[in-house]
Amino acid sequence: MTVLVRAQRIVTAAVDLADAWLAVDDGRVAAVGTGPAPAHDHMTQVTGTVLPAFVDLHAHGALGHDFASCSVDEARAAAAHHAARGTAHLVASIATGTVPDTVAALHRLRPLVDDGTLAGLHLEGPWLAPARRGAHAVGLLHPPTPDEVDLFVDAGGAALRIVTLAPELPGALDAVRRLVASGIVVAIGHTDADGDQVRAATDAGATLVTHLFNGMPPLHHRAPGPIGVALSDERLTVECIVDGHHLDPVTVDLVRGAAGDRLVLVSDAMAATGCADGRYRIAGSEVVVADGVARLADGSSLAGSTITVADAVARFVDGRPDRLPTAVRASSARAASLIGLRPPLSVGAPADVVVAGRDGRIHPLPLGPTA
């Protein structure tokens with residue numbers, strides 16, 4: 001069965017078309033174009049702009065469920081919350097815990113990657129710098145060892161897609177090489193490294209920077225550090241949390257101008273996403289959410305966000321439709337490439353679609369054989 005979607009505009013990583021159509025066969029993209037449409041069984045008219053659904057490389061949970069500790073059913077519920085807001089591919093981030101708890105979480109969540117509920121697993125800790133720990137409990141942080149790297153790789157199997165670490169820790173560069181050899185994306189984050197240490201990690205195979213500007217030394221004109229290297233090294237993809245709290249809009253524009261297509265929008269959504277304000281726990285630390293902003297109970301640090309990628313896209317575009325092509329690359333195409341997914345909305349790819357309305361709101365558009 002062929003479903004045809006007509007829209008005022010369709011934006012993918014490859015095309016930006018006005019008065020366009022998208023043809024979908026059995027839930028997969030058959031063609032995208034303008035002018036006369038191919039034969040179809042059903043047509044959906046869309047007011048607004050059709051975009052690829054989102055790919056989130058960094059999310060810790062939702063609805064009160066933390067991927068590091070929740071049950072399989074709770075993890076499904078958290079993933080469904082993000083999916084209902086347009087995130088078609090979600091990498092579940094496991095924050096710092098004890099080694100046995102981390103191994104247990106990897107084993108517990110692996111089947112959800114196998115069945116497509118999750119796009120992969122991400123370890124954020126325990127190989128992080130205490131000085132830049134954010135919400136991660138300092139007593140659980142330590143340098144990597146070869147045996148521990150092998151333990152986590154074995155526990156995660158093919159589901160383990162990303163590992164964040166601080167490259168200045170003893171044994172970190174060896175860990176980078178071992179992880180990359182296992183097909184895992186290594187991210188630099190929660191680090192006190194200088195520029196040379198970041199470049200050494202990049203030379204060893206690191207290709208991602210976890211939530212740029214947060215969990216690392218500030219940019220200094222004589223000590224550019226992780227931020228300076230991330231903005232200037234074409235080998236590095238850079239995550240940004242565009243929630244209005246982690247980064248000033250001017251900083252977001254700086255990253256957009258310097259990094260270009262290397263920018264990826266992530267949610268860093270913690271368990272309180274989709275919940276009321278209150279007290280929560282993440283990475284061994286007490287967190288208070290007030291007015292939707294998550295902070296450590298002592299007020300010393302932000303502790304993730306309560307947004308989804310759709311919120312980040314809406315804030316990034318902010319009523320400027322000319323930014324939609326950049327937003328598509330930042331919210332889906334670059335992240336998809338990093339973890340080996342098909343280019344979103346390319347021919348043969350799943351027809352995972354969202355619609356951006358004139359009011360700036362973004363919502364999924366279900367498509368498939370019964371649409």
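Guide: A residue counts as buried when its relative accessible area is under 20%, and as exposed when that area is over 50%. The structure above is a predicted model.

Visitor: What makes H58 buried or exposed?

Guide: The relative accessible area of H58 is 0%. The cut-off for buried is under 20%, so H58 is buried.

Visitor: Where does H58 lie, and which residues is H58 in contact with?

Guide: H58 lies in strand β5, residues 54–59. Leaving aside neighbours within four places in sequence, its contacts include V91, S93, H122, E124, H211, E239 and D268.

Visitor: Why is the pair H58 and H60 called a polar contact?

Guide: A polar contact needs a pair of N or O atoms within 3.5 Å, one able to donate a hydrogen and the other to accept it. The side chains of H58 and H60 are joined at 3.2 Å, so the distance falls within that cut-off.

Visitor: What makes P100 buried or exposed?

Guide: P100, in helix α2 (residues 99–114), has a relative accessible area of 59%. Exposed means over 50%, so P100 is exposed.

Visitor: How many residues does the largest nonpolar core have, and which have the most contacts inside it?

Guide: The largest nonpolar core has 80 residues, and F67, L118, L179 and L212 have the most contacts inside it. L179, for one, touches W127, V149, V153, V163, L165, I184 and V186, not counting residues up to four places away in sequence. There is also a second, separate core of 16 residues, with A20, L345, A351 and V353 among them.

Visitor: Why would nonpolar side chains be buried together?

Guide: In soluble globular proteins, such side chains tend to be buried together.

Visitor: How do you know where the buried residues of α8 sit around the axis?

Guide: The buried residues of α8 (residues 309–317) are V309, A310, A312, V313, F316 and V317. They cover an arc of only 160° around the axis, so they are on the same side of α8. These residues pack against β5, β8, α7, β14, α9 and β19.

Visitor: What makes β3 and β19 edge strands?

Guide: Six strands form an open sheet in the order β3-β2-β1-β4-β18-β19, with mixed pairing. β3 and β19 each have a single partner strand, so one side of each is left without a neighbour in the sheet.

Visitor: How do you know that β1 and β4 pair?

Guide: Two strands pair if there are at least two bridges between them. β1 (residues 2–11) and β4 (residues 42–52) have seven bridges, so they pair, in the parallel sense. One of the bridge partners in β4 is M43, the partner of L4.

Methods
Residues numbered from 1 in each chain as written. Predicted model: local features only at pLDDT ≥ 70, side-chain atom pairs only at ≥ 80, totals over all residues. Heavy atoms only, no water. Core = buried A, V, L, I, M, F, W, Y, C linked by side-chain atoms within 4.5 Å. Buried < 20%, exposed > 50% of the residue type's maximum accessible area, 1.4 Å probe, protein only. Contact = heavy atoms within 4.5 Å. Helix = DSSP H or I, 4+ residues; strand = E, 2+ residues; numbered from the N terminus. Arc of directions from axis to C-beta.
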